[in-house]
Amino acid sequence: AIYVITPQPLSMGTVRDPRTGLLKSVTFMPNKINSQYIVEGLSSGIVMALGGAGFVMLDRANAYSTTANNKMMLTVSGLVSILASMGLLQMFVRIKIPNYLL
């Protein structure tokens, strides 16, 4: 809690559009690995929680008392949420660090 108070991070940033000269909002702080906006951290945390929920769904699908229909639904939902989480986090890293692992 003390770290958040000391540097006072912004919730979102602004960048001047080179074509129009107007300010536009940005969610991700590009090219800075050790700093982030508040919205960037919240969205990354929510996406990581989505992936964790996918692993919980896969675990619940292997329970003995789960019916066959629910097993299929939990397995598909778990795999979709894990893959969506991985894809979104990879997209976040590519926004944060351009040309990373290309």
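Read along the sequence, the protein chain of this predicted model follows the pattern α-β-β-α-α. Its secondary structure comes to three helices and two strands, where helices (H or I, at least four residues) and strands (E, at least two) are DSSP runs numbered from the N terminus. The radius of gyration, taken over C-alpha atoms, is 19 Å, well over the 13 Å that the globule rule gives for 102 residues, so the chain is more spread out than a compact globule. The globule rule is 2.2 Å times the number of residues to the power 0.38. Along the principal axes, the C-alpha atoms fill a box of roughly 60 × 35 × 25 Å.

Because the model is predicted, local features need pLDDT of at least 70 and side-chain atom pairs count only at pLDDT 80 or more, while totals for chains, interfaces and linings use all residues. Residues are numbered from 1 along each chain as its sequence is written, and side-chain values use heavy atoms, with hydrogens and water left out.

Of the 102 residues, 20% count as buried. Among contacts between residues at least 6 apart in sequence, 49% join residues at least 24 apart.

Gly13 stands opposite Val26 of strand 2, and Arg16 has Leu23 in strand 2 as its bridge partner.

The loop between strand 2 and helix 2 contains Asn31. Most residues other than glycine have a negative phi. Asn31, although not a glycine, has a positive phi of about 65°. With a relative accessible area of 60%, Asn31 is exposed.

The structure holds one aromatic pair. Such a pair is described by the distance of the centres and the angle of the planes. Phe28 and Phe92 form this pair, which is tilted, at 4.9 Å centre to centre and with 45° between the planes. By the rule applied, rings of Phe, Tyr and Trp (its six-membered ring) pair if their centres lie within 6.5 Å; planes under 30 degrees apart count as stacked, those over 60 as edge-to-face and the rest as tilted. Phe28 lies in the loop between strand 2 and helix 2 (38-61) and Phe92 in helix 3 (residues 68-96), so the pair ties together parts that are 64 residues apart in sequence. Both partners are buried, Phe28 at 13% relative accessibility and Phe92 with a relative accessible area of 12%.

Helix 2 has 24 residues and reaches 35 Å from its first C-alpha to its last, close to the 34 Å expected at 1.5 Å a residue. The expected span is 1.5 Å times one less than the number of residues in the helix. Glu40, Ser44, Val47, Gly51, Gly54 and Ala61 are buried in helix 2, and the buried residues of this helix pack against helix 3.

On the side of helix 3, Ser85 is buried, with a relative accessible area of 5%. Leaving aside its neighbours within four places in sequence, Ser85 is in contact with Val47, Met48, Leu50 and Gly51. Val80, also placed in helix 3, is exposed, with a relative accessible area of 53%. The C-alpha atoms of Val80 and Val56, 24 residues apart along the chain, are separated by 13 Å.

One salt bridge was counted, a salt bridge being a side-chain nitrogen of Lys or Arg within 4 Å of a carboxyl oxygen of Asp or Glu. The side chains of Lys96 and Glu40 meet in this salt bridge at 3.1 Å, N to O. Lys96 lies in helix 3 and Glu40 in helix 2, so the pair ties together parts that are 56 residues apart in sequence. Lys96 is buried, with a relative accessible area of 9%, and Glu40 is likewise buried, at 4%.

Technical notes. Pairing = 2+ DSSP bridges. Buried < 20%, exposed > 50% of the residue type's maximum accessible area, 1.4 Å probe, protein only. Contact = heavy atoms within 4.5 Å.
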